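Open the model in your viewer and keep the selection panel at hand. The tour goes stop by stop.

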Amino acid sequence: PMARRLGTARTAQEAEVAALGALEQLLKLGKDPNAFLRMCRELSDCQSAAQPSTLAGDLGWIGRGQHEAAFEDAVFALAPNTFGDLVSTSRGVHIVQRLA
């Protein structure tokens, strides 16, 4: 997919290294409810990160059959209010936070 910002295209390996660093940073921030939002705006190439206000990075409610299997498996394996491991799909490397 195209990067949301010009000049941000990365190799798969570069994306994984960057995502792992971001995930480690998020985990260090602990319970800061705005950390994921801020990091999405700052670092993500996903178009969802460009959403206004508190929706940055929010994909909304996800049901089975809407996304790639690896992404869905990661989302549905998480307990609410937790982060998962990195997830690689054909669209890139993802940090997933389940809120509900």
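This is a predicted model. Start with helix H1 (12-29) and helix H2 (35-43): each gives at least two residues to the lining of the second largest pocket.

**Stop 1: the pocket.** Select Leu-26, Leu-29, Gly-30, Lys-31, Asp-32, Pro-33, Ala-35, Phe-36, Asn-81, Phe-83 and Gln-97. These residues line the second largest pocket. The space inside is about 240 Å³. Colour the lining by class: 6 residues are nonpolar, 3 polar and 2 charged.

**Stop 2: two rings in the lining.** Keep Phe-36 and Phe-83, both from the pocket lining. The structure holds 1 aromatic pair, and Phe-36 and Phe-83 form it. Their ring centres are 5.6 Å apart, with 55° between the planes. The pair is classed as tilted, because angles over 60 degrees are needed for edge-to-face and under 30 degrees for stacked. What does the pair tie together? Phe-36 sits in helix H2 and Phe-83 in strand E1 (residues 82-83), so the link joins parts 47 residues apart in sequence.

Now switch to a surface view. Phe-36 has 14% relative accessibility and counts as buried. Phe-83, at 21%, is partly exposed. The cut-off for buried is under 20%, which means that Phe-36 falls below that limit.

**Stop 3: Thr-89.** Move to strand E2 (residues 87-89), where Thr-89 is found. Is Thr-89 buried or exposed? Thr-89 is buried, at 17% relative accessible area. Show side chains next: those of Thr-89 and His-94 make a polar contact at 2.8 Å. Beyond neighbours within four places in sequence, Thr-89 is in contact with Glu-68, Phe-71 and His-94.

How values were computed
Residues numbered from 1 in each chain as written. Predicted model: local features only at pLDDT ≥ 70, side-chain atom pairs only at ≥ 80, totals over all residues. Heavy atoms only, no water. 1 Å grid on protein atoms, 1.4 Å probe; cavity = no way out; pocket = protein on both sides within 12 Å on 5 of 7 lines; lining within 4 Å. Points joined across faces, edges and corners; volume = space filled by probe spheres on them. Helix = DSSP H or I, 4+ residues; strand = E, 2+ residues; numbered from the N terminus. Nonpolar A, V, L, I, M, F, W, Y, C, P; charged D, E, K, R; others polar. Phe/Tyr/Trp six-rings, centres within 6.5 Å; stacked < 30°, edge-to-face > 60°. Buried < 20%, exposed > 50% of the residue type's maximum accessible area, 1.4 Å probe, protein only. Polar contact = N/O pair within 3.5 Å; in protein donor to acceptor, adjacent residues only side chain to side chain. Contact = heavy atoms within 4.5 Å.
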